[in-house]
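Here is a short briefing to keep beside your viewer. Have a look at the folds first, then at the packing inside and between the chains.

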Amino acid sequence: MKFPFAFLVCMISFGASAQVKLLSLEDFDQRLANGKDTTFVVNFWATWCAPCVEELPYFERLQKENASSALKVIFISVDSRSKLGKLVNPFVKTHKIESEVFVFDEPDQQKFIDHVDKNWSGSVPATLVVNTASSRRSFYEREFSYEELKSLTINPN
Amino acid sequence: MKKVVMSCFLLLAICMKLSAQGYTVGSVVEDFRLKNVDDKMVSLADFKSAKGFIVVFTCNTCPVAKDYESRIIALNNEYAAKGYPVIAINTNDPVASPGDSFAKMQERAKEKNFKFPYLVDSDQQLTKRFGAAHTPTVYILAKTSKGNVVEYTGAIDNDQDESNPSRSTFVKNAVNELINGKKPSVSKTKAVGCTVKWKKA
């Protein structure tokens, strides 16, 4: 039991593979908390959600343009867990997504919705911005243009 | 004077809450009149012997709604006879989502042999009034002397994949409780869904 957990943490910390992985809510929290002054931009999307698919490249661009700063884009697909192999993995490959992509290892959607943010109705796209050092945790249940995304994550004021 | 100001604020707060969130548990639902796939108009008042309703905001195109389609059919099969028929309403604008046109709704209802109304909300006013943000979303209503009161809002169950045998069947549980004269023990749930495809301004 201990080994897979350590393995998962390693994968989360250093994984650059395009393979979509399952992520437990505990590991999700841990990842954000361990980030210290890193600004995490966590985008919730789904393969079936057209506006989500449209804005995925904005997040990828944000990551590329801030590769040397403490900014980390993470994608979490809300496609149901059974669709990981059939839908999410092929999608990530064809769209050549470079940022990490996860699916929550939690079949009860209500649990992860409330866990991410109490005010989230469950609609996607949605984006969570977290910076542990500056105690920032902002949640947005909406779509973004690239400019909006940039101003919101780089210059939060 | 103070009381008047206070009640004004309270009223304002309630109004703002209504416009922002739509109906919540305890709200009295104003009846509506929408066109069904058989071209007839349908209102809640038409269901004289109903004890309540399972109102489902759904559509033809959303993969989550599709995953739940057979469960919506099963809910009507089980509960229409017990006084809680399903009323399905398509939320989506047919220009924004061509797969949700009235003709496509008729096709789907025929193909799947819907035994319940599948209504078109052409101006999307009812979807707005209820505050349904995504499909599928359920509102369970109970008929009372005050009118049709919302007793439950949210998801059909917490297992979109139908892969977890210990899933919580929220809507079934709530309707069973209402049939047994109880208030639903879980009255508000959440799930992932597709955003309503609104008419472009």
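Along its sequence, chain A runs through the pattern α-β-α-β-α-β-α-β-α-β-β-α, with helices (DSSP runs of H or I, at least four residues) and strands (runs of E, at least two) numbered from the N terminus. The model is a predicted one, in which local features need pLDDT of at least 70, side-chain atom pairs count only at pLDDT 80 or more, and totals for chains, interfaces and linings use all residues. Residue numbers start from 1 along each chain as its sequence is written, while chains are lettered from A and ligands numbered from 1 in the order in which they are written.

**The two chains**
- Chain A has six helices and six strands, whereas chain B has five helices and 10 strands.
- A residue is called buried here if 20 or more other C-beta atoms, placed from the backbone, lie within 10 Å of its own.
- By that rule, 35% of the 157 residues of chain A are buried, and for the 201 residues of chain B the share is 41%.
- Two residues are in contact if their C-beta atoms, placed from the backbone, lie within 7 Å.
- In chain A, 70% of the contacts between residues at least 6 apart in sequence join residues at least 24 apart.
- For chain B, residues 24 or more positions apart make up 74% of the contacts with a separation of 6 or more.

**A closer look at A:V41**
- A:V41 sits in strand β2 (residues 39-45) of chain A.
- A:V41 counts as buried because it has 24 C-beta neighbours inside 10 Å.
- Leaving out residues up to four places away in sequence, A:V41 touches A:F59, A:L62, A:L71, A:V73, A:T127, A:V129 and A:T153.
- A:V41 and A:F75 are 34 residues apart in sequence, and their C-alpha atoms are 8.4 Å apart in space.

**The nonpolar core**
- A nonpolar core is a set of buried Ala, Val, Leu, Ile, Met, Phe, Trp, Tyr and Cys residues joined through C-beta atoms within 7 Å.
- The largest such core has 85 residues, and those with the most contacts inside it include A:V124, B:I54 and B:A88.
- Helix α2 (residues 63-79) of chain B gives the most to this core, with six residues.
- Beyond four places away in sequence, B:A88 touches residues including B:V56, B:I72, B:F116 and B:L119.

**Where the chains meet**
- Chain A brings 16 residues to the contact and chain B brings 17 residues.

Conventions:
A residue is buried if 20 or more other C-beta atoms lie within 10 Å of its own, exposed if 12 or fewer, and partly exposed in between; C-beta atoms are placed from the backbone.
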